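Here is a walk through one protein model, taken step by step. Keep the sequence and the 3D view open while reading.

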Amino acid sequence: MKNRREATNAEGWILASANLGNNAYFMVITMFMMFFFTNVMGIKPMVAGTIFMVARLVDALTDPVMGFIIDHSNFKHFGKYRGYIQIGAPVLGLVFVMLFTVPGFEMGGKVIYAYLVYILYSLVWTVVQIPILTFPIILSQNVARRTKFVALFQGCGSIIGAVSTAVVYKLLDVFGGMTDAGAWQKTAVCIAVFATIMQEIAMFGVRKLDVYDPELKEKTKSAHAQKKEHVSLNDRVSVITKNVALFALVISFGTDMFANQVNSNTTTYFFLYNLGGRTDLQSILGVVSLPTAIVLMFLAGPIAGRFGKKRIILFCEAVCIVCNLAMLATGGDKIPVVMVAGIVGTVMFTMTNMMCRSALLDVASYTKLKQGKDVAGLMSSSFTFVNKMVQAFGSFFTGWLLELVAFDQTAEVQSEGTMRGILLMRLLLPIAAQVATLIAMKWYPITRSVEEEISQKAAAPAGK
């Protein structure tokens with residue numbers, strides 16, 4: 001197969017804009033879905049957490065299949081990735097709106113509706129997200145340059161993540177308030193339209209990078225004709241399960257995302273009840289983090305080149321632990337401590353997320369160089385699989401613990417015991433997850449010197 005040309009800086013930015021839409025969905029779901037289920041639809045926290053878990057577990061099982069499909073895709077008019085995104089984006093937007101719609105059913109019917117629509121949303125999300133996450137691997141064969149593109153990609157996601165909370169609160173105020181079902185549906189429509197437009201524009205802008213490869217088709221035909229060994233799904237999965245670098249990275253990513261999931265699930269409750277309804281601080285927290293997210297878009301690549309992704313992830317996780325311990329030590333009601341810890345923690349998570357996703361592409365390239373097997377799609381699906389698993393269990397634990405601490409979704413003020421329970425959920429579970437990330441990352445074998453080796457071998461002419 002011919003080597004693809006290097007993406008221009010403009011094309012890197014254009015692809016990054018797709019993550020504006022991608023992360024808009026993700027942030028609204030993680031920050032507000034639990035609250036919407038409990039305080040708007042009236043579903044009990046334990047039931048809401050179970051809906052999250054079941055929907056994500058069902059969905060997660062399809063991720064490796066989607067990765068396998070992508071690795072075998074080669075469409076004449078849509079290339080390898082674009083077709084899934086271009087066709088799936090408007091469908092995803094429609095289902096997202098359905099997810100934030102309260103049906104006129106009794107409670108049993110509402111629960112069934114929530115199960116079905118959330119499962120549907122998760123499946124469509126898989127079809128769109130895995131190609132988007134895998135796409136950056138074709139932008140460049142150089143690890144440092146690809147890290148830069150991934151930083152742009154994740155940076156755009158961080159930007160929308162930083163402002164999404166404030167935007168959602170503003171739209172809800174305009175349309176009717178946080179407990180108004182119609183306001184949530186209208187807000188969802190606005191988010192869906194924005195996200196769909198961003199994803200479609202991005203795919204149009206990078207259409208010359210993701211193109212049909214006739215040589216790949218002929219090579220495949222020749223291989224089948226000669227009855228050469230075919231790399232089955234089981235073979236590809238075996239490549240992944242025996243990959244120490246991927247195993248360590250996936251565990252690190254998963255535990256870090258678990259910490260973020262629990263933190264995000266409890267954020268709205270924390271600011272609404274523990275801090276006396278100061279949801280304005282939640283909005284400010286995101287907006288203040290915005291400049292840092294923008295700076296990281298440009299500095300993440302050079303920083304990774306200087307220190308290596310492994311060291312950066314270890315440092316960021318350690319800082320997050322310190323921030324959570326500081327909040328715990330001060331009781332969680334000192335607004336300056338909450339804001340500083342929140343801003344620093346958001347920055348650290350943003351950097352860690354950038355490094356993990358960029359490191360995944362390093363692992364995929366290294367696997368292809370060492371074993372000659374292209375499993376980038378399947379590796380990306382392993383990340384989304386783990387992400388959905390931790391979302392499932394993180395949301396389930398949140399719902400279960402809310403029930404345990406006697407959370408009452410009909411009350412304007414919660415008891416002291418309930419608020420203490422919300423604080424402990426918000427801090428202790430993430431601390432445990434972040435410690436697990438530190439332990440797993442110690443086993444990650446791709447250091448800065450190995451990253452340089454990957455770049456050199458990828459850039460070398462074929463056959464050398």
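Helix axes here are lines fitted to C-alpha atoms over the stretch in contact, and the angle between two of them runs from 0 to 180 degrees between N-to-C directions. The model is a predicted one.

With that in hand, take helix α10, residues 244-274, and helix α11, residues 279-307. Their axes come within 7 Å of each other and cross at roughly 130°. An angle over 145 degrees would count as roughly antiparallel, and one from 65 to 115 as roughly perpendicular.

Helix α4 covers residues 82-99 and helix α7 covers residues 181-205. Their axes lie 8 Å apart, and the helices pack at an angle of about 175°. Because angles over 145 degrees count as roughly antiparallel, α4 and α7 are placed in that class. From α4, the contact takes in Arg82, Ile85, Gln86, Ala89, Pro90, Gly93, Phe96 and Val97. From α7, it takes in Gln185, Ala188, Val189, Ile191, Ala192, Thr196, Gln199, Glu200 and Met203. The classes in this contact of α4 with α7 are 10 nonpolar, 5 polar and 2 charged residues.

Now step back to the whole chain. What does it hold in the way of helices and strands? The protein chain has 16 helices and 0 strands. Its length is 464 residues, of which 57% are buried. Consider next the contacts between residues at least 6 apart in sequence: 85% of these join residues at least 24 apart.

Is Ile321 buried or exposed? Its relative accessibility is 12%, and because the cut-off for buried is under 20%, Ile321 counts as buried. Apart from its neighbours within four places in sequence, Ile321 is in contact with Ile431, Gln434, Val435 and Leu438. Of these, Val435 is 114 residues away from Ile321 along the chain, yet their C-alpha atoms are separated by 7.7 Å.

Thr352 is another buried residue, with a relative accessible area of 0%. Its place is in helix α13, residues 335-371. Which residues does Thr352 contact, leaving aside its neighbours within four places in sequence? They are Asp256, Ile313, Cys316 and Glu317.

Lys170, by contrast, is exposed, with a relative accessible area of 57%. This lysine lies in helix α6, residues 143-175.

The cysteines come next. A disulfide is a covalent bond between the sulfur atoms of two cysteines. How many disulfides does the structure hold? The number is 0. Cys323 is therefore worth a look: the nearest cysteine sulfur, that of Cys320, is 6.3 Å away, whereas a disulfide needs the pair to be within 2.5 Å. Cys323 is buried, with a relative accessible area of 11%. Cys190 is instead partly exposed, at 33% relative accessible area.

A search of the whole structure finds 2 salt bridges. In one, the side chains of Asp280 and Arg278 meet at 2.9 Å, N to O. Asp280 is partly exposed, with a relative accessible area of 34%, and Arg278 is also partly exposed, at 33%. In the other, the side chains of Lys334 and Asp333 meet at 3.0 Å, N to O. Lys334 has a relative accessible area of 41% and is partly exposed, as is Asp333 with 44%.

Note on methods:
Residues are numbered from 1 along each chain as its sequence is written. This is a predicted model: local features need pLDDT of at least 70, side-chain atom pairs count only at pLDDT 80 or more; totals for chains, interfaces and linings use all residues. Side-chain values use heavy atoms; hydrogens and water are left out. Helices (H or I, at least four residues) and strands (E, at least two) are DSSP runs, numbered from the N terminus. Angles under 35 degrees count as roughly parallel, over 145 as roughly antiparallel, 65 to 115 as roughly perpendicular and the rest as oblique. Contact means heavy atoms within 4.5 Å. Ala, Val, Leu, Ile, Met, Phe, Trp, Tyr, Cys and Pro count as nonpolar, Asp, Glu, Lys and Arg as charged, and the others, Gly among them, as polar. Buried means under 20% relative accessible area, exposed over 50%, partly exposed in between (1.4 Å probe, protein chains only). A salt bridge is a side-chain nitrogen of Lys or Arg within 4 Å of a carboxyl oxygen of Asp or Glu.
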